[in-house]
Amino acid sequence: MTITEFVEETPGKMVSTSPFQILFFILSTLSFVNPLNLAVLKECGKLKRTGKIVGGTEASRDEAPWIVSLKLKTKGKHICGGTLISERFVLTAAHCVQGELARQIQVTIRDHRIKEQQEKLPSYVMKHDKVIRHAGYSSVTHHHDIALIRLKEPVVWDDLTEPACLPDSEDTDFHGLSGIVAGWGRLSEGGLSPVTLMKVTVPILENNKCKTLMAQHFNIIERQICAGFDFGLYDACQGDSGGPMVVRKNGRYIVAGIVSVGVGCARPKLPGVYTNVAQYLDWIVENAKV
């Protein structure tokens with residue numbers, strides 16, 4: 001039975017007003033000094049434990065409580081990641097939910113070891129009733145690679161389930177910061193996929209440098225950001241798509257990027273390309289309405 005309604009952004013569409021819509025309207029008109037929190041009942045981006053996160057290692061269960069796994073309903077196979085940004089909405093990449101994929105995926109919360117259950121606070125599936133893909137997304141240019149998944153029921157927050165913050169409305173340049181990427185993508189180009197959630201830390205590049213490095217492959221625009229080392233070795237890979245790249249600022253974890261596209265995985269002077277979330281705040285707030 002199909003439960004997903006696939007919707008593309010429709011400019012100028014009139015909608016009814018609800019208390020949640022009023023809240024989001026108020027939020028959207030403010031100039032945010034702090035990261036934007038769309039969750040109503042939970043502080044965003046705060047972990048109970050802290051510590052240095054290094055590249056290419058397994059993540060503990062409580063290091064990325066906002067990450068979800070998007071899996072095929074029929075096979076239970078992980079295909080993409082996503083980020084909880086409120087009780088009802090998951091942020092992901094448009095290419096993860098294009099075409100029939102919008103109806104074939106299921107959202108798994110609290111996943112860690114994706115092929116086995118945990119004894120304490122096991123993972124579980126949340127049904128969704130709408131997928132909103134950015135109307136400007138192009139599978140050729142990879143521009144506007146952003147989408148929202150609306151859950152049928154609100155998430156219940158716990159120690160292993162928390163929302164990530166969205167960036168400040170003026171926080172659009174993350175150049176020079178370290179981005180922390182988590183996911184269940186392949187461990188190497190063409191290699192095996194991990195059982196356990198992995199994490200890697202990569203430097204976020206200045207956009208002009210990224211444009212130069214990627215000129216033969218992609219037309220990088222301001223709504224994209226790149227991250228990676230000149231020597232390669234550390235990167236997102238197939239299966240990490242749609243998942244978060246977060247940065248830590250003022251004690252909060254902010255989803256700065258969505259894993260979008262790359263040339264192979266971890267190749268020298270070919271950084272990973274991410275959707276710049278800060279450039280889509282208006283779109284997110286407008287569409288993240290219950």
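**Exercise 1: a tyrosine and its partner**

Y253 counts as buried, at 5% relative accessibility (buried means under 20% relative accessible area, exposed over 50%, partly exposed in between, with a 1.4 Å probe and protein chains only). This is a predicted model, where local features need pLDDT of at least 70, side-chain atom pairs count only at pLDDT 80 or more, and totals for chains, interfaces and linings use all residues. Residues are numbered from 1 along each chain as its sequence is written, and side-chain values use heavy atoms, leaving out hydrogens and water.

Task: find how many aromatic pairs the whole structure holds, and say why the pair of W66 and Y253 is tilted.

Solution: 
- Step 1. Searching the whole structure gives three aromatic pairs (ring centres of Phe, Tyr and Trp, its six-membered ring, within 6.5 Å; planes under 30 degrees apart are stacked, over 60 edge-to-face, the rest tilted).
- Step 2. For W66 and Y253 the centres are 5.6 Å apart and the planes at 35°, so this pair is tilted.
- Step 3. W66 is buried too, with a relative accessible area of 2%.

**Exercise 2: two phenylalanines**

Task: decide whether the rings of F229 and F231 are stacked or edge-to-face.

Solution: 
- Step 1. Their centres lie 4.9 Å apart with planes at 15°, so the pair is stacked.
- Step 2. F229 is partly exposed at 27% relative accessibility, and F231 is partly exposed at 48%.
- Step 3. Together with Y234, F229 and F231 form one aromatic cluster.
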